[in-house]
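Subject: Structure handover

Hello,

Here is the structure I said I would pass on. My notes on it follow below.

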Amino acid sequence: MAHPTQLGFQDAASPVMEELLHFHDHALMIVFLISTLVLYIIIAMVSTKLTNKYILDSQEIEIVWTVLPAVILVLIALPSLRILYLMDEINDPHLTIKAMGHQWYWSYEYTDYEDLGFDSYMIPTQDLVPGQFRLLETDHRMVVPMESPIRILVSAEDVLHSWAVPSLGVKMDAVPGRLNQTAFIAPRPGVFYGQCSEICGANHSFMPIVVEAAPLEHFENWSSLMLEDA
């Protein structure tokens with residue numbers, strides 16, 4: 001999860017997020033090189049009175065500064081499109097969960113089970129126990145099995161919401177009357193935090209999302225207990 005004074009992204013907890021981090025570093029390096037070149041040209045133009053009459057009207061230079069940006073854009077666009085298609089790819093999900101946004105909480109329905117569903121509210125500050133995070137912890141976590149493709153169906157009951165977990169590389173708008181889908185794989189056990197990323201009202205910032213990835217055996221035990229309590 002994020003921590004104070006953090007400058008970069010959260011640590012990747014899914015293969016898609018790892019690809020997004022690699023693409024970010026790739027694009028950032030290109031931007032850094034372009035910025036350095038432009039800064040050098042500006043400083044050179046301001047600090048010197050010398051001019052080259054062959055550069056003032058040069059067809060070759062015009063060709064270079066037209067073709068080179070096009071090549072750079074291709075180098076950015078190709079990996080971007082690759083990741084875009086990877087994020088939309090959903091191959092044989094092992095589990096499907098429907099996340100419904102409300103003002104201001106999330107409800108989850110495990111569609112592969114008959115009666116497995118619950119509401120997820122933020123835990124008030126006065127009810128937190130040591131080790132829990134303020135404004136991020138919920139009374140019911142969305143538990144998923146690790147190393148399994150998980151499909152999330154996202155919609156909303158009232159206004160626009162957005163189901164987002166940065167470390168998993170997941171962000172999907174929840175639109176009333178529309179069912180959007182996304183997917184992720186958690187390759188390791190852990191607890192991953194997110195929040196509603198759409199300005200959905202007064203308590204917009206109090207709709208935390210907590211995804212807990214656990215081994216399959218632990219997930220089956222949790223689901224059995226939830227079905228018994230239902």
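Helices and strands are DSSP runs, numbered from the N terminus; a helix needs at least four residues and a strand at least two. The model is predicted. Thr5 is found in the segment before H1, and Thr5 has a positive phi of about 65° although it is not a glycine.

Domains

The domain assignment of the protein chain gives two parts: domain 1 covers residues 15-88 and domain 2 covers residues 95-229. Their centres, taken over C-alpha atoms, are 40 Å apart. Five residues from domain 1 and six residues from domain 2 take part in the contact between them.

The interface

How much area is buried between domain 1 and domain 2? The figure is about 350 Å², and carbon and sulfur atoms give 61% of that area. On the domain 1 side, Pro15, Met17 and Met87 supply 84% of what domain 1 buries against domain 2, more than any other three residues.

Helix H1, residues 15-47, gives the most to the side of domain 1 that touches domain 2, with four residues. The residues on that side of domain 1 divide into five nonpolar, no polar and no charged.

Annotated regions

The unreviewed UniProt entry places a "transmembrane region" feature at residues 27-51 and 63-85. What is the helix content of each span? In the model, residues 27-51 are 84% helix and 0% strand, with end C-alpha atoms 34 Å apart. Residues 63-85 are 100% helix and 0% strand, and the end C-alpha atoms of that span lie 33 Å apart.

The unreviewed UniProt entry also places the feature "domain: Cytochrome oxidase subunit II copper A binding" at residues 92-225. That span is 7% helix and 43% strand in the model, and its end C-alpha atoms lie 26 Å apart.

Trp104 lies in the loop between strand E1 (95-102) and strand E2 (105-110).

Regards

Technical notes: Residues numbered from 1 in each chain as written. Predicted model: local features only at pLDDT ≥ 70, side-chain atom pairs only at ≥ 80, totals over all residues. Heavy atoms only, no water. Domains from an automatic or database assignment. Contact = heavy atoms within 4.5 Å. Buried area = accessible area lost by both parts, 1.4 Å probe. Nonpolar A, V, L, I, M, F, W, Y, C, P; charged D, E, K, R; others polar. UniProt positions renumbered as here; feature names shortened; annotations may be inferred.
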